[in-house]
Each structure stands twice: as structure tokens, then as C-alpha cells.
Amino acid sequence: TLAIIKALIVQVGKTTYAIPINSVLETLMIEANAIQTVEKREVIELRKTTVPLLRLDKIFTLSHEDVDEGRRLFVAIVGLAEKRMGFVVDELLGQQDVVIKSLGKALSFVQGIAGAAELGNQKTILVLDVAGLMTEALRGESSLNV
């Protein structure tokens, strides 16, 4: 099955991902020193609300340069029901309509990925499963099979 969705295209390290735009509430640029740690989890303060962060480079074990204190980070605030979470990414590349194809039964065990999409430049990218990533992160398990 194929579906056309509007997605926010983001880059983490040298890897490009698509986040379904219907899950994205807003995007922010923050200073690295705005990130605090509460109960061993990274969070930011956003309009008097504490929002947990999820670093996609760590979830997907991507090689990544260390963050220095003066660096600015991009955060895509995503939502599922009343829950909010910030996905930390390196670049926001813009919005685009993408055709998403499921991964099929052979890769159904892979959590955090909803499918694959091809960008106009013949590059295939993974579409993130926001609900799956949020559920695993809020559960506190780092057992994502990616």
C-alpha cells in the first residue's frame, strides 16, 4: 500500500528522515545550554511546560559529533494525544509531500519506523513512527530495534 503524506524533512548527522506533519506541533531552534536533565532525561522548558527530548542520533545509533555548549539545535515538537516530546535534529530541510510505502512483514519488528519514502532527488528516506518512538521513549526503554 502507498499513501501520500505531508512530511517535515529533517537531517540527523548524514541521514535524512521524514516526520509526518500531522504529528508536528511546532519547530524550535534552541541553545544547547537550554537543555536540562530531570531524572536522567533531557528536557526543555517550553511556555512553562517541561517537554522531554529524544535525540534521534542516539535512538538510531548514528555517528554524530559531540554537542558543544554554544551550539544551536533544532527541535521538532511532536504530539500524541496530550503527550508532547521534542525530537532533536541537526537540520530542518522543509516540508514536502512524500509517497510512503510500508516496510512489509519482513521488517515489521523495526520500531520507530512507519515506512520509507522517496524524495524527488531519487533518495530514499525513512518515515518516522512518531507514536512508536514516543511510546518507547516515555516508557523509558531504550530497546528500540533499529
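V10 is found in strand β1, and it makes a handy way into this predicted model. At 0% relative accessibility, V10 sits under the 20% cut-off and therefore counts as buried. Skipping residues up to four places away in sequence, V10 touches T15, T16, Y17, I19, V89, E91, L92 and L93.

**The barrel**

Strand β1 belongs to a closed barrel of five strands, running β1-β2-β11-β10-β9 with mixed pairing. On average, neighbouring strands here are turned by 45° against each other, direction ignored. β1 and β9 run antiparallel and are joined by 10 bridges; A7, for instance, has Q96 in β9 as its bridge partner.

β10 and β11 make a hairpin with five residues between them, and Q122 in the turn has a positive phi of about 65°.

**The open sheet**

The other sheet is open, with six strands in the order β3-β7-β8-β6-β5-β4 and mixed pairing. Its edges are β3 (24–31) and β4 (36–38), each of which pairs on one side only. Neighbouring strands of this sheet are turned by 40° against each other on average, ignoring direction.

Inside the sheet, β5 (residues 41–46) and β6 (residues 49–55) run antiparallel, with four bridges joining them. They form a hairpin with two residues between them, where R47 in the turn has a positive phi of about 50°. E45 stands opposite T50 in β6, while I44 has V51 in β6 as its bridge partner. β6 is also joined to β8 by three bridges, this time running parallel, and R55 stands opposite V88 in β8. β6 is mostly covered, with five of its seven residues buried.

Here are some of the strand pairings side by side:

| Strands | Sense | Bridges |
|---|---|---|
| β1 and β9 | antiparallel | 10 bridges |
| β5 and β6 | antiparallel | four bridges |
| β6 and β8 | parallel | three bridges |

Helix α2 (residues 130–139) lies across β5, β6, β7 and β8 (83–89), and runs at about 100° to β8.

**What's packed inside**

The largest nonpolar core has 21 residues, and those with the most contacts inside it are I19, L56, V78, F87 and L128. Elements giving two or more residues to this core are β1 (2–12), β2, β7, β8 and α2. Of these, α2 gives the most, with four residues. Apart from that core lies another, of 12 residues, with I35, I44, L53 and L73 among them.

V78 is worth a click if you're browsing contacts. Leaving aside neighbours within four places in sequence, V78 is in contact with I19, S23, V24, L25, K83, R84, M85, F87, V130 and M134.

**One aromatic pair**

There's one aromatic pair to look at. Y17 and F60 are stacked, at 5.1 Å centre to centre with 25° between the planes. Y17 lies in strand β2 (residues 15–20) and F60 in the loop between α1 (56–59) and β7 (72–80), so the pair ties together parts that are 43 residues apart in sequence. Both partners are tucked away: Y17 counts as buried at 3% relative accessibility, and F60 is buried too, with a relative accessible area of 7%.

The chain averages a pLDDT of 85, and 89% of the residues score at least 70. Residues 141–146 are another matter, with pLDDT below 50; that stretch has 13 contacts in the model beyond near neighbours in sequence.

Definitions and conventions. Residues numbered from 1 in each chain as written. Predicted model: local features only at pLDDT ≥ 70, side-chain atom pairs only at ≥ 80, totals over all residues. Heavy atoms only, no water. Phe/Tyr/Trp six-rings, centres within 6.5 Å; stacked < 30°, edge-to-face > 60°. Buried < 20%, exposed > 50% of the residue type's maximum accessible area, 1.4 Å probe, protein only. Pairing = 2+ DSSP bridges. Axes fitted to C-alpha atoms, helices over the stretch in contact; angles between N-to-C directions. Contact = heavy atoms within 4.5 Å. pLDDT = per-residue confidence, 0-100. Core = buried A, V, L, I, M, F, W, Y, C linked by side-chain atoms within 4.5 Å.
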